[in-house]
Amino acid sequence: MASTMEKLIYLNEIEEYDIMHNNVLGARSLWQFTKFYSEYHEKRESPDLLLFMPILPIVLSNNSCNSICRRNFNEGSLIKVLIEDKGVFLGLQKRMEDMSSITFNSLRVAFASNLLTIDKTDFKIRSLTNVNPSFDVPKDYNDIILASKRLGAWFSKYSINQITNYLNITF
């Protein structure tokens with residue numbers, strides 16, 4: 001039978017694994033969001049740091065992720081999601097606040113991995129690479145990445161004020 005200390009060490013290892021796994025998944029999601037935001041933006045601009053706060057709370061929620069994955073990249077798709085499934089973004093403000101540490105840790109991983117960089121003059125986040133890693137991932141992981149891409153494309157078409165109004169969030 002394992003001692004209490006061994007159980008605690010094992011639990012800490014699991015928690016560290018889960019935290020790191022979430023941060024790696026979060027970093028990749030934020031990177032994909034950034035790439036698609038810039039690609040779909042009419043002036044090829046990069047997203048502001050503030051726009052990263054709702055991304056992980058949206059894509060890591062099964063309901064919103066599934067609803068977003070069924071859509072295409074057209075700018076009107078965000079409005080369709082809001083109209084057709086009003087509960088998708090319900091409670092987003094609280095989830096955004098609760099998950100802020102995951103968002104910032106994921107950004108740190110993305111910066112340390114040279115996926116993203118931040119411009120310290122305008123606080124815009126830029127992608128440093130366009131090379132997609134190729135490895136097999138489970139469907140739910142892939143759905144999170146697809147949802148991140150769509151959010152990047154959609155958010156690029158609106159101002160920060162419009163996004164905060166549509167999603168009923170504040171920074």
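Ala147 belongs to helix H7, which spans residues 139–155. In this predicted model, Ala147 is buried, with a relative accessibility of 0%. Leaving aside residues up to four places away in sequence, Ala147 touches Val59, Cys65, Ile68 and Cys69.

- Ala147 and Cys69 stand 78 residues apart in sequence, yet their C-alpha atoms are 5.3 Å apart in space.
- The structure contains zero disulfides. Cys65 takes part in none, and the nearest cysteine sulfur, that of Cys69, lies 4.1 Å away.
- Cys65 is buried, at a relative accessible area of 4%. Cys69 is likewise buried, at 18%.

**The chain as a whole**

- Eight helices and two strands make up the secondary structure of the chain. Their order along the sequence is α-α-α-α-α-α-β-β-α-α.
- The chain has 171 residues, of which 42% count as buried.
- Contacts between residues at least 6 apart in sequence are joined in 74% of cases by residues at least 24 apart.

**The nonpolar core**

- The largest nonpolar core comprises 41 residues. Within this core, the residues with the most contacts are Phe33, Phe89, Leu116, Leu151, Phe155 and Leu167.
- At least two residues of this core come from each of helices H1 (4–40), H2 (55–59), H3 (62–69), H4 (76–84), H5 (92–98), H6 (100–112), H7 and H8 (160–167).
- H7 gives the most to this core, namely seven residues.
- Phe89 touches Ile58, Ser64, Ile68, Leu78, Val81, Leu82 and Leu167, when residues up to four places away in sequence are not counted.

**Helix H4**

- The buried residues in H4 include Ser77, Leu78, Val81 and Leu82. These residues lie on the same side of H4, because they cover an arc of only 145° around the axis.
- Ile83 and Glu84 are exposed, on the face of H4 turned away from its buried side.
- H3, H7 and H8 are among the elements that cover the buried residues of H4.

**Helix H8**

- Ile163, Thr164 and Leu167 are buried in H8. Viewed down the helix axis, the buried residues of H8 fall within an arc of 95°, so they line one face of the helix.
- In an α-helix there are 3.6 residues a turn, so residues three or four places apart point the same way.
- Asn161 and Asn165 are exposed on the other side of H8.
- The buried residues of H8 pack against H2, H4, H5 and H7.

Methods:
Residues are numbered from 1 along each chain as its sequence is written. This is a predicted model: local features need pLDDT of at least 70, side-chain atom pairs count only at pLDDT 80 or more; totals for chains, interfaces and linings use all residues. Side-chain values use heavy atoms; hydrogens and water are left out. A disulfide is a pair of cysteine sulfur atoms within 2.5 Å. Buried means under 20% relative accessible area, exposed over 50%, partly exposed in between (1.4 Å probe, protein chains only). Helices (H or I, at least four residues) and strands (E, at least two) are DSSP runs, numbered from the N terminus. Contact means heavy atoms within 4.5 Å. A nonpolar core is a set of buried Ala, Val, Leu, Ile, Met, Phe, Trp, Tyr and Cys residues joined through side-chain atoms within 4.5 Å. The arc is that of the directions from the helix axis to the C-beta atoms.
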